[in-house]
Amino acid sequence: MKLLQRSTRKPVLTEVGVRYAQGCRSLLADLSEIESRATQESSRIGGDLNVVVLHCLMSPELAALFAEYQSRHPEVSLHITLTESEVDLLGGGFDCGIVA
């Protein structure tokens, strides 16, 4: 398949080369749009967030921070567990903890 016709002045696309280039441009545009959508979707924060907090460390200020986080990221289901006992973050299924 011949895509270019060479002359002494400059290379020129053949008819097949023109169609091939158009197809490549179309594929690249589609790929760019797919990447853009994937990037937009992956930049959204969502899912479950399990946080454990020692009861003695909970405060109105911390509650306000949780509320602000929830309002900024409504697609996150924030689950706060208050405890007075020792915490096993991994074994307890927590994503993070505020413990001493």
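1. A disulfide is taken here as a pair of cysteine sulfur atoms within 2.5 Å. By this rule the count in this predicted model comes to 0 disulfides.

2. Cys96 illustrates the point. The cysteine sulfur closest to that of Cys96 belongs to Cys56 and lies 16 Å away, which is too far for a bond. Cys96 has 34% relative accessibility and therefore counts as partly exposed. Cys24 also falls in the partly exposed class, because its relative accessibility is 30%; the class covers values between the buried limit of 20% and the exposed limit of 50%.

3. Turning to the sheet, 3 strands form an open arrangement in the order S4-S3-S5, with parallel pairing. S4 and S5 stand at the edges with a single partner strand each, so one side of each has no neighbour in the sheet. Neighbouring strands are turned against each other by 25° on average, direction ignored.

4. The helix H2 packs on this sheet and touches S3, S4 and S5. The direction of H2 makes about 165° with that of S4.

5. S3 (residues 47-54) and S4 (residues 76-83) are joined in the parallel sense by 8 bridges. S3 also pairs with S5 (residues 96-98), again in the parallel sense, over 3 bridges.

6. A separate point concerns Thr14. Thr14 sits in the loop between strand S2 (12-13) and helix H1 (15-43). Its relative accessibility is 16%, so Thr14 counts as buried, the limit for that class being under 20%. With neighbours within four places in sequence left aside, Thr14 is in contact with Lys2, Leu3, Leu4 and Gln5.

Conventions. Residues are numbered from 1 along each chain as its sequence is written. This is a predicted model: local features need pLDDT of at least 70, side-chain atom pairs count only at pLDDT 80 or more; totals for chains, interfaces and linings use all residues. Side-chain values use heavy atoms; hydrogens and water are left out. Two strands pair if DSSP finds at least two bridges between them. Helices (H or I, at least four residues) and strands (E, at least two) are DSSP runs, numbered from the N terminus. Axes are lines fitted to C-alpha atoms, for helices over the stretch in contact, and angles run from 0 to 180 degrees between N-to-C directions. Contact means heavy atoms within 4.5 Å. Buried means under 20% relative accessible area, exposed over 50%, partly exposed in between (1.4 Å probe, protein chains only).
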